[in-house]
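Subject: Structure handover

Hi,

Here is the structure I promised to pass on. Please open it alongside this note.

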Amino acid sequence: DQSATRAAIQSVYEKDNYVLDPHTAVAYRVAQDYIKAERSRTKMVIVSTASPYKFNDTVLAALDKDVPKDPMEALTALSNIADAPIPAGLASLKNAEELHRTVVEKSEMRRAVAAFARK
């Protein structure tokens, strides 16, 4: 659940100074639960499945940090905490041109897609 995921992110950061993404935090928690339940000494490898930068709001909140409203400020905050650069693809968005500005309510989605397809 979300609270266990947040706890795993926070625990690993406090113990190892490593910032997990939520998906990897779930894998970490499952591994820890297995080791505890089975009293296992089996060595395990957890493959990181995503970047914490994709989930910067969730990760910052899990680390009890303020979550800036501006997405680039949130990426910068996470970069400072992780002591690692923002991935190039995400960093490039800072100066990217905004191409799509249309916001559609769920109830209007069918009409909006049909209108777009007719163009």
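Which residues are buried in α2? They are P22, T24, A25, Y28 and A31. Buried means under 20% relative accessible area, exposed means over 50%, and partly exposed lies in between (1.4 Å probe, protein chains only).

Before the rest, the ground rules. This is a predicted model, with pLDDT of at least 70 needed for local features and 80 or more for side-chain atom pairs, while totals for chains, interfaces and linings use all residues. Numbering starts from 1 along each chain as its sequence is written, and side-chain values use heavy atoms, with hydrogens and water left out.

**Helices**

Helices here are DSSP runs (H or I, at least four residues), numbered from the N terminus. Helix α2 covers residues 22–38. The expected span of a helix is 1.5 Å times one less than its number of residues. For the 17 residues of α2 that gives 24 Å, and the end C-alpha atoms are 24 Å apart, so the two agree. The buried residues of α2 pack against α1 and α3. Contact means heavy atoms within 4.5 Å.

T5 sits in helix α1. T5 is buried, at 13% relative accessible area. Leaving out residues up to four places away in sequence, T5 touches P22, A25 and V26.

Helix α4 runs over residues 71–82. The helix has twelve residues and reaches 16 Å from its first C-alpha to its last, close to the 16 Å expected. Its buried residues are M72, A74, L75, L78, S79 and I81. They pack against α1 (2–16), α3 (56–62) and α5.

**Salt bridges**

How many salt bridges does the model have? The count comes to four. The rule is a side-chain nitrogen of Lys or Arg within 4 Å of a carboxyl oxygen of Asp or Glu.

- D33 with R29: the closest N and O atoms are 3.1 Å apart. D33 is partly exposed at 37%, and R29 is partly exposed at 35%.
- R101 with E98: the closest N and O atoms are 3.5 Å apart. R101 is exposed at 62%, while E98 is partly exposed at 45%.
- E108 with R111: the N to O distance is 2.8 Å. E108 is partly exposed at 34%, while R111 is exposed at 52%.

Why can D33 and R29 pair within one helix? They are four residues apart in α2, so about one helical turn separates them. An α-helix has 3.6 residues a turn, so residues three or four places apart point the same way.

**The largest pocket**

The largest pocket holds about 260 Å³ of space. A pocket is found on a 1 Å grid over the protein atoms alone: an open set of points where a 1.4 Å probe fits, with protein on both sides within 12 Å along at least five of seven lines. Grid points are joined across faces, edges and corners, and the volume is the space filled by probe spheres set on the points.

Which residues line it? The lining is H100, R101, T102, V104, R111, A112, V113, A115, F116 and K119. Lining residues have an atom within 4 Å of a point. By class, five are nonpolar, two polar and three charged. Ala, Val, Leu, Ile, Met, Phe, Trp, Tyr, Cys and Pro count as nonpolar, Asp, Glu, Lys and Arg as charged, and the others, Gly among them, as polar. R101 and R111 belong to this lining. R101 bridges to E98, and R111 bridges to E108.

**Loops**

V103 lies in the loop between α5 (88–91) and α6 (109–118). V103 is exposed, with a relative accessible area of 74%.

Two loop residues other than glycine have positive phi. N17, in the loop between α1 and α2, has phi near 55 degrees. N17 is exposed at 52%. D64, in the loop between α3 and α4, has phi near 60 degrees. D64 is exposed at 57%.

Best wishes
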